[in-house]
Amino acid sequence: MKIQSIRGVKDILPDEIWKWQHIESIAHKIFTRYGFKEIRLPIFEDTRLFSRSIGETTDIVEKEMYTFEDRGGDSITLRPEGTASVVRAYVEHKMHTPPSILKMFYIGPMFRYERPQAGRLRQFNQIGVEAMGSSSAIVDVEVMTMLIEFFNELGLSNIELQINSLGNQDCRPHYRELLKTEIEKYLEKLCSNCSSRYKRNPLRVLDCKLEQCSDISKRLPKLIDHLDPTSAKHFSEVRFLLDSAGTPYSVNPNLVRGLDYYNNTAFEVTSQNLGAQNAICGGGRYDTLVEELEGPSTPCFGFALGLERLVSLVPFENKKTLQKRPDVFIVCLGDEAKIVASKVAHDIRLKGLWVERDYELGSMKSQMRKANKTGCRLTLILGEDEIQNGKYILKNMENGNQIEFPAQELISEIAKLSDSP
Ligand code: HAM
């Protein structure tokens, strides 16, 4: 039986990796301007890290984690997200350095046992950023603005930034009770998932995508109408600063996020060009998580975006030139030329150029066809005559021009031609 990749898991093939590399290089460039440094984290952790941080009653912890016992009997989980690991590393390596803020980003695979569909995978990749050590609304807005700048640089259109406030410990518990009481009035109309979990996690009813629940959630009380003064002040500062920065957004009072660690600002960026799974990015403030994982009090703000969804949205047709192609293809005929070709290829590669050749040594015509197919800029022709005369031929594949020159001038000729537009 032929073995295939697992459902919900995708290969990223060599012909499309340039798109990923392009996005990642723009992320490096823009995030660095804002002071973020990369952190590389393990892809598996102690299971308790995720159940304690993401929340016992979340979908992720209840039914989506890849959890297994390793050979030593420890419970291990493939990370379903990156924030918990960043916080674990922050506490473990004592990265707390007040008064300065620590800014980190990460890129890598995450694992969730969800029902695969368009835009929803079981292994997917995220770029995430976490700013740790400030509760200022300036941080919320700077990080969201950085994200929008990143999306703009990639040429994304039709995206929408939605924000909400999830309040804090002074107002959320009261609101939860109020919400539960209100939900009870509509219990028989809710989907089975919402009616069974509303007691444990009533906020999730607010963002249930099923029509029967979204109709009801419109009638339920909104947390932004029940914020305590501190949370209300934070939210109005965020809105004021977004307005001042000219960053378009809308307030979505039903946005609650699927992870429990958030307080105050929560946000998502959605795209009309994605299907049902329309969130490209989600994040927000999580001021108590570091303490919950036994670190010092450290207010934080961050986000993560789904790379598969982002790759599907970037208009790459304008960026075809980014795809790398060989600098030189060597066409050679005859036994002596074959040996010379290996030496010449080595010399050119030492100059930092990408050299390809025909390993099968077919006819001149078939080698030229292969050269063409690679899209190379230059073709170096080494026939028997060329070797005999000590003169090589270089063909510029873009304009068809050909030059002949002494063998010893090869490197300088190639440098001239490959620099010219
Ligand atoms: P999240 O909303 O669970 O947040 O995931 C962030 C993004 O990852 C989503 O908006 C989506 O684009 C992508 N994503 C999630 N699940 C899948 C999937 N099954 N298939 C494809 N893409 C997916 C977090 O993970 C938080 N850690 C974000 C954060 C960072 N909050 C603060 N800091």
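**Entry 1. Strand β14**

How many of the five residues of strand β14 (residues 378-382) are buried? I looked up the strand and found that five of its five residues are buried, where buried means under 20% relative accessible area, exposed over 50% and partly exposed in between, with a 1.4 Å probe and protein chains only. I note that this is a predicted model, in which local features need pLDDT of at least 70, side-chain atom pairs count only at pLDDT 80 or more, and totals for chains, interfaces and linings use all residues. Residues are numbered from 1 along each chain as its sequence is written, and side-chain values use heavy atoms, with hydrogens and water left out. Strands (E, at least two residues) and helices (H or I, at least four) are DSSP runs, numbered from the N terminus.

**Entry 2**

I next looked up the neighbours of β14, taking two strands as paired if DSSP finds at least two bridges between them. Strand β12 (residues 328-332) runs parallel to β14 and is joined to it by five bridges; Val331 stands opposite Ile381. Strand β15 (residues 391-396) runs antiparallel to β14, with four bridges between the two. On that side I found Leu378 opposite Asn396, and Ile381 has Ile393 as its bridge partner in β15.

Which order do the five strands of the open sheet follow? I recorded β13-β12-β14-β15-β16, with mixed pairing. The edges are β13 (355-357) and β16 (402-406), each with a single partner strand, so one side of each has no neighbour in the sheet. From one strand to the next the twist averages 25°.

Directions were compared by axes, which are lines fitted to C-alpha atoms (for helices over the stretch in contact), with angles from 0 to 180 degrees between N-to-C directions. Helix α12 (residues 335-350) packs on the sheet and touches β12, β13, β14 and β15, its direction making about 170° with that of β12. Helix α13 (residues 364-374) lies across β12, β14 and β15, and runs at about 175° to β12.

I followed the chain to Asn401, which is found in the loop between β15 and β16. Asn401 touches Leu394, Lys395 and Asn396, not counting residues up to four places away in sequence.

**Entry 2. Strand β5**

I turned to strand β5 (residues 102-111), which is mostly covered, with seven of its 10 residues buried. Strand β1 (residues 37-38) pairs with β5 in the parallel sense over two bridges, and Lys37 has Met104 as its bridge partner there. Strand β6 (residues 123-132) runs antiparallel to β5, and 10 bridges join them; Met110 stands opposite Phe124 in β6.

**Entry 3. Helix α2**

Helix α2 (residues 47-54) is mostly covered, and I found six of its eight residues buried. Which residues of α2 are buried? They are Thr47, Leu49, Phe50, Ser51, Ser53 and Ile54. What covers them includes the strands β2 (44-46), β3 (66-69) and β4 (75-78), and the helices α3 (59-64), α4 (83-92) and α10 (289-292). After α2 comes Gly55, whose phi is positive, near 115°.

**Entry 4. Helices α5 and α9**

I looked up how helix α5 (residues 137-153) meets helix α9 (residues 229-245): their axes come within 9 Å and cross at roughly 40°. That makes α5 oblique to α9, as angles under 35 degrees count as roughly parallel, over 145 as roughly antiparallel, 65 to 115 as roughly perpendicular and the rest as oblique. From α5, the contact is made by Ala137, Ile138, Asp140, Val141 and Met144, and from α9 by His234, Glu237, Val238, Leu241 and Leu242.

**Entry 5. Arg197**

Is Arg197 buried or exposed? I found Arg197 in helix α7 (residues 192-197), and it is buried, with a relative accessible area of 7%. Arg197 touches Asp59, Pro202 and Arg204, not counting residues up to four places away in sequence.

Note on methods. Contact means heavy atoms within 4.5 Å.
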